[in-house]
Amino acid sequence: MTRYESAKKIYAKYGIDTDAAIQKCKEIPISLHCWQGDDVSGFDNEGTLTGGIQTTGNYPGKARNPEELLADMDKAMSLMPGTKKINVHASYAIFENGEFADRDKLEPKHFQKWVDFAKERGLGIDFNPTFFSHPRIKDGLTLTSPDKETRNFWIEHGKACIRIANYFAEETGFPCIMNIWIGDGFKDVPADRMGPRMRYKESIDAILSEPYDFNKVKPCVESKVFGIGVEAYTAGSAEFTLSYAAANKDKCLPLMDNGHYHPTEVVSDKIPALLCFFPELALHITRGIRWDSDHVVIFDDETKEIAQEIVRCNAIDRVNIALDFFDASINRISAWVTGFRSVQKALLNALCTPNAMLKELQDTTQFSRKMSVMEDCKMLPLGDIWEEYCRQCGVPASDYYDEIQKYENDYLLKRN
C-alpha cells in the first residue's frame with residue numbers, strides 16, 4: 001500500500017474523497033502577478049515607486065526587460081501545480097521599435113506579447129490599471145485630484161484599460177478581472193475627507209462608462225487602509241470601495257487584499273459576509289506583517305482560513321483568486337513558487353476538511369465535539385495528499401529549490 005492509499009483511507013473515515021479533492025484543486029485558477037519578478041518596476045517608467053508602496057531588498061537577478069520577465073515567469077510556473085492565470089499591470093506594456101504610448105493612450109497592441117505568451121500556455125490574463133509611479137500624478141493624487149486635467153488623464157487611462165481587458169478576454173477565452181486601486185491620500189489629517197471621495201466616485205463612474213461585457217470584463221474596486229506617505233487618509237477606504245461595489249453590482253465586483261485592513265481584521269471572516277450579498281468577488285492574497293508589507297504568502301493560519309471559507313461557502317466558482325506580494329530580498333522565482341504553492345496547499349487542505357460534518361456539529365450545538373474534530377483534522381496526513389496531487393500535476397512536491405538555484409546560477413546571476 002502506498003502512502004497515498006493509506007492517507008486516502010484515513011480521510012475516508014471523515015467522509016472525504018481525496019481523489020475528488022485533488023481533481024477539484026487542479027481546476028481552481030490562481031492568478032500569478034508579474035510584478036514580483038522585477039520589484040514592481042514595469043517597462044514604461046524609470047522613476048521610483050509611489051502610491052504608498054515599496055519593495056525592500058536587492059537580491060540579484062531582477063528581470064530587466066520583457067524577455068527576462070516572461071522567461072522567469074515560465075520557470076516559476078513550471079514548478080507550480082494546478083491551473084494558472086497571469087496578472088499584469090498596465091505599466092508592463094511592451095513597446096517595440098522605439099514606440100511609446102503614455103498610459104492614457106495605451107492600446108491592446110501594446111500587450112500583444114502578453115497575449116501570445118498566455119495563449120501558447122492556455123492561460124487567462126487579469127489586468128490592473130497602474131495609478132502610481134508616473135509623472136502625471138499631481139501632489140500624490142490621481143482620480144481624486146482637484147485638478148481636472150490630472151483627473152481626466154487618469155480616467156482616460158482607466159478607460160483604455162477596460163478596452164485592453166476586453167482584448168485579453170476575447171483573445172484568451174477567459175474572463176479578465178480588472179482591478180481598480182489607487183494610492184491617493186494624505187500624509188496628515190485632511191480638512192476635507194468627502195471631496196476626494198466624491199471625485200473618486202465620479203472618476204470610477206466615468207471609467208466604467210466605457211462599454212464592456214460584464215461576463216468577459218469584471219472590473220473590481222480595491223480598498224487600502226493606509227500607505228507610506230498616506231498614513232492619515234486614503235480616499236479608497238474599505239467603506240468607500242465596498243459601498244461603491246454594492247451600489248454597482250451590475251458592473252463591478254469588490255476586491256479584498258488581506259494586507260489592506262487593520263492588523264486585527266481578517267479577510268477570511270469577510271468572505272462569507274460579502275457572499276451573502278455579492279454573486280462574485282475577488283481576492284488578492286498576500287501576507288502583511290504589522291502593515292501591508294506584501295511578504296510572500298506562506299501556508300499560515302490566515303491563508304488556510306481564507307481557503308477554508310471559499311470551500312465551506314461552496315464559492316469556488318464565485319471567488320476569483322490572485323496573488324499580490326513582492327519581495328526583493330530573496331530569489332524572486334522562489335518567491336513566486338512558494339506563494340503560489342502555499343495557496344494551493346491551503347485549497348487542498350480545505351477540500352480535504354470534513355466541512356459538512358463540522359457544520360452539522362455546529363448546527364446541533366455539539367461544540368465540544370466540533371472542537372475535538374477540528375483539532376484532529378490538523379493532524380491528518382495532508383502531506384501525502386499533496387505529494388499525490390503534485391505527482392499528478394507533474395511537478396515536485398518538495399525539494400524543488402535545487403532547480404531554482406540552477407536557474408539562478410545559469411541566468412539570474414549573469415544579469416548583474
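Predicted model: local features only at pLDDT ≥ 70, side-chain atom pairs only at ≥ 80, totals over all residues.

Mentor: Residues are numbered from 1 along each chain as its sequence is written, and side-chain values use heavy atoms, without hydrogens and water.

Trainee: What radius of gyration does the protein have?

Mentor: The radius is taken over C-alpha atoms, and the globule rule is 2.2 Å times the number of residues to the power 0.38. For 416 residues a compact globule would have a value near 22 Å, and the protein agrees with this, having 22 Å.

Trainee: How many of the residues in strand β8 are buried?

Mentor: Buried means under 20% relative accessible area (1.4 Å probe, protein chains only); strands are DSSP runs of E, at least two residues long, and helices are runs of H or I, at least four, both numbered from the N terminus. On one side of β8, Leu253, Leu255 and Asp257 are buried, as are Pro254 and Met256 on the other. For β8, residues 253–257, the count is five of five.

Trainee: Which residue of β9 stands opposite Leu255?

Mentor: Strands pair if DSSP finds at least two bridges between them. Three bridges join β8 to the parallel strand β9, residues 281–285. The residue opposite Leu255 is Ala282.

Trainee: Which residue stands opposite Pro254 in β8?

Mentor: Strand β6, residues 217–222, pairs with β8 in the parallel sense over three bridges. Opposite Pro254 stands Val221.

Conventions:
Buried < 20%, exposed > 50% of the residue type's maximum accessible area, 1.4 Å probe, protein only.
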